[in-house]
Amino acid sequence: MIRRFLFLAILFSLAIAASAEVKLPSVLGNDMVLQRNSEVNLWGEATPDRTVTVRTSWNNKKYKTKSDSDGKWSLKVATGEAGGPYEIEFSDGDKLTLDGILLGEVWVCGGQSNMEMPIKGFVAQPVQGAAEAIRESYAHPDIRIFNVGRNRSESAQDDCKGEWKKPTPKNVAECSATAYFFGRMLTDILGVPVGLVTSYWGGTKAEVWMTRDAIKATEGIDHDYALKADGNGFTPQSMYNGMIHPIARFTAKGFIWYQGESNRDRAFDYGKLLVSLIKDWRKAWGDENMPFLCAQLVQYRYDGAQYLSLPVVIEGQYYAADALKNVYVAPTTDLSFASIIHPPFKREVGERLAGIALDKSYGLPGFAAESPRYASMQVDGSKVVLRFTGMADNAEYDAVGENFSWVDKNMRVISIKGFEVAGEDRKFYPAKARHSWPVSDRITVESDSVKNPVAVRYAFRNSIEANVITGMGTPLAPFRTDNWEIPENELFKK
């Protein structure tokens, strides 16, 4: 009887000890990257009303807080310059230690299938340079990858499935290609560890990645439609609850975003929704100026190459970049195939996003990753002279002379394509275009079918050959000079 009593007492004491151990969310784990030179959030659970002590080995400092009546606790710890590996020790009586911790740059990478597309590609849809990236994975040891497991939820979740992974061939093959190439360029240029927190789900609309309050606060959209479940059964906020809320405390430098194809059914709402999504995420992370970098959607024919739903969504991406500070779009107009919705050029997308980040977020200009943008037009008889920003900036690097847009990726001399001109009847016709040399930021367009032009569009179809690039290889952003209402039969096939 005494032995049995002692045995039960031992089991009871072990249970008490086990319950006393600090519990952490999965995003706080071994081998993670924490944002350098910052105050980062740490949080978890412990025994209720118990002092929780945290020790960080990079500065050998101790931090203390107290768990609440539900056992939840949080605190901030200071990080220093990039480096590692380090340890973090947690204790509320029993110790829990995380090791392999690096200090560096952390970016959250979200979106739908073009962000999801892994280095190893999809079935019959490869990623260019995949074998090389996988083969060289060990040459980039300071990259860490945390992928949020798929989970849609009607209530906000505090945790998610996932673990921090090192860049082995297997892990790189399964990583988001856009995110990996983005992170690889950052670590190569900055010389610091980079942590990639990826959260994506193919076929999802922007609305499911936002809170319902953010959707309701978005002016000028069809709220009833935005708050309904889509055809795939996703409801507003379901991805946010399951795949954004659990990581929103994890301190990060910024976001990259590759999404929008699924919002073509309400294309004119997208720009406003994207603005609300950016504000929503920035609020969740507690930083209203957090960098938000979008990958421009690639051209694809969808229900017909001649329709306009895709360029209207792309127009929404640039609308968001113009409406908010520290929001940028990485161009992809030259990276498209009319028949492939997941084009193979993910390295170029990731590296253009990285070029913008290096310029705008790290003060390292010179990557020419942003598109030239339409600025103004002047009608001269049957001709229209267009002026652009961002072209003159590249002029001194222009190795192809006055016809900067007349050489393709294979260095073949070709004519400028992608422009259309319309008169007062609002009917657009293909236009001839030429560079207005010696002024490097002008292009002159005209069409024999339009004697009195009033509007010009460029790359403004679901799929159209559009080949204007700078001497640095950066494509001109799609645009239209008009603000005409586009009828539904021009957006979609009826």
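These legends walk through several close-up views of a predicted model.

View 1. Let's start with the scores: pLDDT averages 92 for the protein, and 91% of the residues score at least 70. Two stretches call for some caution. Over residues 5–19, pLDDT stays under 50, and the model has two contacts beyond four places in sequence for this stretch. The other one is residues 394–405, where pLDDT also stays under 50. For residues 394–405, the model has 23 contacts beyond four places in sequence.

**View 2. Strand β3 and its two partners.** Here we look at β3, which covers residues 51–56. Five of its six residues are buried, so β3 is largely enclosed by the rest of the structure. One partner is β4 (residues 61–66), which pairs with β3 in the antiparallel sense over six bridges. To find your way around this pair, look for Thr53, which stands opposite Lys64 in β4. The hairpin of β3 and β4 has four residues between the strands, and Asn60 takes a positive phi near 55° there. Another partner is β6 (residues 83–91), again antiparallel to β3, with four bridges. On this side, Val54 has Phe90 of β6 as its bridge partner. As a reminder, strands of a sheet pair through backbone hydrogen bonds, either parallel or antiparallel.

**View 3. Helix α5 against helix α11.** In this view, α5 (residues 177–190) packs on α11 (residues 346–360) at an angle of about 45°, and their axes are 7 Å apart. That angle makes α5 oblique to α11. The two helices make a right-handed crossing. On the α5 side, the contact includes Phe181, Phe182, Met185 and Leu186. From α11 come residues including Val349, Gly350, Leu353, Ala354 and Ala357.

**View 4. Helix α9 against helix α10.** Now for α9 (residues 270–285) and α10 (residues 309–323), which pack with their axes 7 Å apart at an angle of about 45°. This makes α9 oblique to α10. Which hand does the crossing have? α9 passes α10 in a right-handed crossing. Tyr270, Gly271, Lys272, Leu274, Val275 and Ile278 make the contact from α9. Across from them, α10 brings in Val313, Gly316, Gln317, Tyr319, Ala320 and Ala323.

View 5. Zoom in on β18 and you'll see it pair with β19 (residues 442–446) in the antiparallel sense over four bridges. A handy landmark is His435, whose bridge partner in β19 is Ile443.

Methods: Residues numbered from 1 in each chain as written. Predicted model: local features only at pLDDT ≥ 70, side-chain atom pairs only at ≥ 80, totals over all residues. Heavy atoms only, no water. pLDDT = per-residue confidence, 0-100. Contact = heavy atoms within 4.5 Å. Buried < 20%, exposed > 50% of the residue type's maximum accessible area, 1.4 Å probe, protein only. Pairing = 2+ DSSP bridges. Axes fitted to C-alpha atoms, helices over the stretch in contact; angles between N-to-C directions. Parallel < 35°, antiparallel > 145°, perpendicular 65-115°, else oblique. Left-handed = near helix turned anticlockwise from the far one by under 90°.
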